[in-house]
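Visitor: I am new to this structure. Please show me how to read it.

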Amino acid sequence: MNSLKRIHAALHFQPHDRVPVIAQVFGHAAMLAGVDLKTYVQDGAVLAACQRDALAYYDYDAVFALMDTSVETEAVGSVLDYRTNAYPTVQAYVFAKHDDLAQLHLPDPQCDGRMPELLKAIRILRHAVGNEVLVVGCVLGPMTLVCQLMGLQEALYLAIDAPDQFIQLLDFATRVIIRFGVAQLEAGAHLPIIFDPASCPEVIPVAFFRELILPRLKTICSTFTQAGAICNWLHIAGRTTPILPFYPEAGVAIANFDFSVDPASAMQALPQTCLDGNLKPFAFVDASPAFIADEAQRLLQCFAQRGGFILSSGCEIPPEARPENITALVQAVRS
Amino acid sequence: MHNALMQKLVQALIDGDQAMAVTQTHQLQAAGLARETIITDGIESAMTQLDARCTVEQFNLLEIMLAGRAVMSAMKVLYPGDAAMFPSQGTIILASLEGDVHDLGKNILKMVLTAKGYRVVDCGKDCPVDRLIATARQEAPLAVGISGLITTVIPQIRQVRTKMHALGLTQIKVMAGGAALKQATAASLQVDFIGETAFDCLHYVETLSGS
């Protein structure tokens, strides 16, 4: 059974040879290869090479063509600050409260910002692993992209002070996401993971998510499915328990759950949805391989009866993680 | 009548209704109430109710930001253009360290502390440890608060207390918070306290100031 078939089995709660394991290794792949993160996030060929090397080193079930959370906003027009061995950050947001939305540029993934480099990384990775290993692209979710277009604080204030303008911006973000995600699928991604940490109930109320974000996630997921995604994978970090029951309505087939969500609550909220999680990301930096192995075994036991589980971290494994801890995670499903 | 007006202010602050909070503050002033009374019976009362609602499970950034903005607007009505006149229960220094440009959590804590009568010296985001410590030497605060969204700042955080102690600043406590830092323990970060929410940090500061 190869990685893709194993994940497919987990998705459908079918028997598999072992539980799939997906370490959320993004920038860590650069650290492992001794490559500057600044280069990794700007050069698709370098990113793909690092991801392939990390796959060979750890032998998990997926590779990620994922740069950072500023790819879309840069392509729209935000100015980024690139620093050595760090993810870029937004120096100047492209949108402010009284700006004219009609002036915002809908980016072309083939030529704007780093989008073409990300598509290049996808093409290289898919060519390299074919249908053996899951190739994951990445788009931001609508709430997070709005926050990246104008800043989190300003976006939240806009939602209250000028709700019509906020909704228009949310719709613009949805168009950006769909265009970029479909381009990723056309380049060969099996699916683009949808990252929407700003949709967490710790940031916005549940009713806000239900009324404003959920309908747009639904549109995004259905469009990705029509464009050939093998399924939709939603990643919202933090205490997501109150919004998990909405995921099936959005069309989500793999639901990430963070370390702050109890596995039993996640299973109860999503009885028929494949779950991935939920080791504490920082444990990969400061804990021991024995601790990671114990935590992983505890999770595997939790899901042993149910199935529909991918062993993973609750969020990104920090770039500076200890490699032996990631190895311990991967080995847990084989022991 | 004053009570009714005060209740309207409290409710406006809890609801995060900035315009209403400003209006009610003006009305209370026009009715002859001293600003100290408006702070004690209005703003601090609202903060106490908000604190009770703001548990780890129910914490919601949007609501707390709106309330914080309304509180700061009311404070500006009471002390127009003169933050130095705010009543002070002590000084707190806040920063996000070098390499971390996320400052929303820090800004929320700043609003909460200011509303509860603390003087906040904000070193901003992307702040080098040495600048933070130099500010601590100058300001003699009760505590230094560090907000962190990314784990890569942790090695810097571990330097703060050691460096301050080396300079004899042993009485200044170090507290931390933020998505990355609350995954760790205070011992592993070499700080005195880690807060899950801004109100956790406020409670810790209150133990230091004896409030």
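Visitor: How far apart do the end C-alpha atoms of residues 89–211 of chain B lie?

Guide: This is a predicted model, where local features need pLDDT of at least 70, side-chain atom pairs count only at pLDDT 80 or more, and totals for chains, interfaces and linings use all residues. Residues are numbered from 1 along each chain as its sequence is written, while chains are lettered from A and ligands numbered from 1 in the order in which they are written. Helices (H or I, at least four residues) and strands (E, at least two) are DSSP runs, numbered from the N terminus. Those end atoms of chain B lie 8 Å apart, and the span is 42% helix and 19% strand.

Visitor: Which UniProt annotation covers residues 89–211 of chain B?

Guide: UniProt positions follow the numbering used here, feature names are shortened, and annotations may be inferred rather than shown by experiment. The unreviewed entry gives "domain: B12-binding".

Visitor: What is the strand order in the open sheet of chain A?

Guide: Two strands pair if DSSP finds at least two bridges between them. The order is E1-E10-E9-E8-E7-E6-E5-E2, 8 strands with parallel pairing. Strands E1 (21–22) and E2 (62–64) of chain A each have a single partner strand, so one side of each lacks a neighbour in the sheet.

Visitor: How many bridges join strand E5 to strand E6 of chain A?

Guide: There are 5, between residues 134–140 and residues 191–195. A:Gly137 stands opposite A:Pro192.

Visitor: At what angle do helices H4 and H6 of chain A cross?

Guide: Axes are lines fitted to C-alpha atoms, for helices over the stretch in contact, and angles run from 0 to 180 degrees between N-to-C directions. H4 (residues 44–58) and H6 (residues 115–129) of chain A cross at roughly 35°, their axes coming within 7 Å.
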